[in-house]
Amino acid sequence: MLRIFMMCSCIAALTVAQDSRIINGDVINIAYAPYTMQLRTQRDITVCGSTLIAKRYVVTAAHCMDKMKPEEFIVVGGASTVDEPGVRRKVVKGFIHPGYRMLNKDRDIAVLKLDKDMVGKNIRPIELCSGALKAGDIIQECLKMYKKVSVKISDSVVCAYDGGKRDSCRGDSGGPGVYGGELCAVVSWGMGCGRAEYPGLYTSIDVVRDFIEDCMRE
């Protein structure tokens with residue numbers, strides 16, 4: 001595990017209610033994070049975030065797919081709020097990492113293929129992280145902070161932590177963790193929201209990159 005400091009771009013577009021928005025985050029227009037997508041049900045309910053990594057592919061958290069088939073989702077881009085229609089694409093295929101474990105969110109990553117190219121105003125893919133995260137470089141701190149939790153923290157996890165001032169929260173799962181202008185992590189889970197003793201936990205792109213790239217060849 002690493003303690004990292006990253007810009008969390010799972011912005012107000014993923015807000016479902018006041019208590020589920022990014023803790024102490026900034027409300028920004030989607031133009032400033034054009035790779036940020038909404039994962040909605042066919043009934044137009046936003047359930048998770050996702051990130052556009054190519055015109056027909058997004059990544060999200062595997063646990064967002066726990067109760068539904070991939071084809072039951074749509075991906076919406078170019079929308080700053082959940083009330084905007086945005087550009088909508090059907091999901092035609094979904095890939096969940098074979099190492100994903102629901103209990104501890106190990107390899108909590110999924111890749112979704114869209115029926116058409118996701119293109120339009122304020123829509124642009126982001127590059128995958130070009131290397132392992134090193135910012136902070138405090139290897140055991142996350143383990144220590146979660147020592148009271150009975151679930152073993154996976155080695156696919158990195159922490160985003162600033163003392164509990166800012167944090168992802170309910171509804172932000174699957175959204176992007178951006179570092180150096182690249183997608184380096186995906187929002188996974190945590191104990192509560194904005195708690196100084198429990199940093200937000202993210203799936204490291206470096207650990208699951210091979211899986212993502214294999215899925216994009218499908």
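**Entry 1: a covered strand**

I began with strand β12, which is mostly covered: 5 of its 5 residues are buried. Buried here means under 20% relative accessible area, exposed means over 50%, and partly exposed lies in between, with a 1.4 Å probe and protein chains only. Helices (H or I, at least four residues) and strands (E, at least two) are DSSP runs, numbered from the N terminus.

I noted that this is a predicted model, where local features need pLDDT of at least 70 and side-chain atom pairs count only at pLDDT 80 or more, while totals for chains, interfaces and linings use all residues. Residues are numbered from 1 along each chain as its sequence is written, and side-chain values use heavy atoms, with hydrogens and water left out.

Next I asked which way β11 and β12 run. They run antiparallel and are joined by 4 bridges; two strands pair if DSSP finds at least two bridges between them. In this pairing, Trp-189 stands opposite Leu-201 in β12.

**Entry 2: the barrel**

I then looked up the order in which 6 strands close into a barrel. I found β3-β4-β5-β8-β7-β6, with antiparallel pairing. Neighbouring strands of this sheet are turned by 40° against each other on average, direction ignored. For such angles, axes are lines fitted to C-alpha atoms (for helices over the stretch in contact), and angles run from 0 to 180 degrees between N-to-C directions.

I also checked β6 and β7, an antiparallel pair joined by 4 bridges. Here I saw Ile-74 opposite Lys-90 in β7. A reminder to myself: strands of a sheet pair through backbone hydrogen bonds, either parallel or antiparallel.

**Entry 3: helix α2 and the cores**

Which residues of helix α2 (residues 205–215) are buried? I listed Ile-205, Val-208, Phe-211, Ile-212 and Cys-215. Seen down the axis of α2, these buried residues fall within an arc of 125°, so they line one face of the helix. The arc is that of the directions from the helix axis to the C-beta atoms. Cys-215 counts as buried at 5% relative accessibility.

The buried residues of α2 pack against β4, β5, β7 (87–96), β8, β11 and β12 (200–204). Contact means heavy atoms within 4.5 Å.

My next stop was the largest nonpolar core, which has 21 residues; Val-59, Val-111 and Ile-212 touch the most other members. A nonpolar core is a set of buried Ala, Val, Leu, Ile, Met, Phe, Trp, Tyr and Cys residues joined through side-chain atoms within 4.5 Å. I found that β4, β5, β11 and α2 each give two or more residues to this core, and that its largest share, 5 residues, comes from α2.

Not counting residues up to four places away in sequence, Ile-212 touches Ile-53, Val-59, Ile-109, Val-111, Leu-128 and Ile-205. A second, separate core of 18 residues includes Leu-39, Leu-52, Tyr-100 and Met-118.

**Entry 4: the disulfides**

How many disulfides does the structure hold? I counted 2, a disulfide being a pair of cysteine sulfur atoms within 2.5 Å.

One joins Cys-48 to Cys-64, with 2.1 Å from S to S. This pair links distant parts of the chain, 16 residues apart: Cys-48 lies in strand β4 (residues 46–54), and Cys-64 in the loop between β5 (57–60) and β6 (73–77). The link is left-handed, with -90° about the S-S bond. Cys-48 is buried at 5% relative accessible area, and Cys-64 is buried at 9%.

Another joins Cys-129 to Cys-184, with 2.0 Å from S to S. Cys-129 sits in the loop between β8 (110–114) and α1 (141–145), and Cys-184 in strand β11 (residues 182–189), 55 residues apart. The torsion about the S-S bond of Cys-129 and Cys-184 is about 75°, so I noted this disulfide as right-handed. Both cysteines, Cys-129 and Cys-184, are buried.
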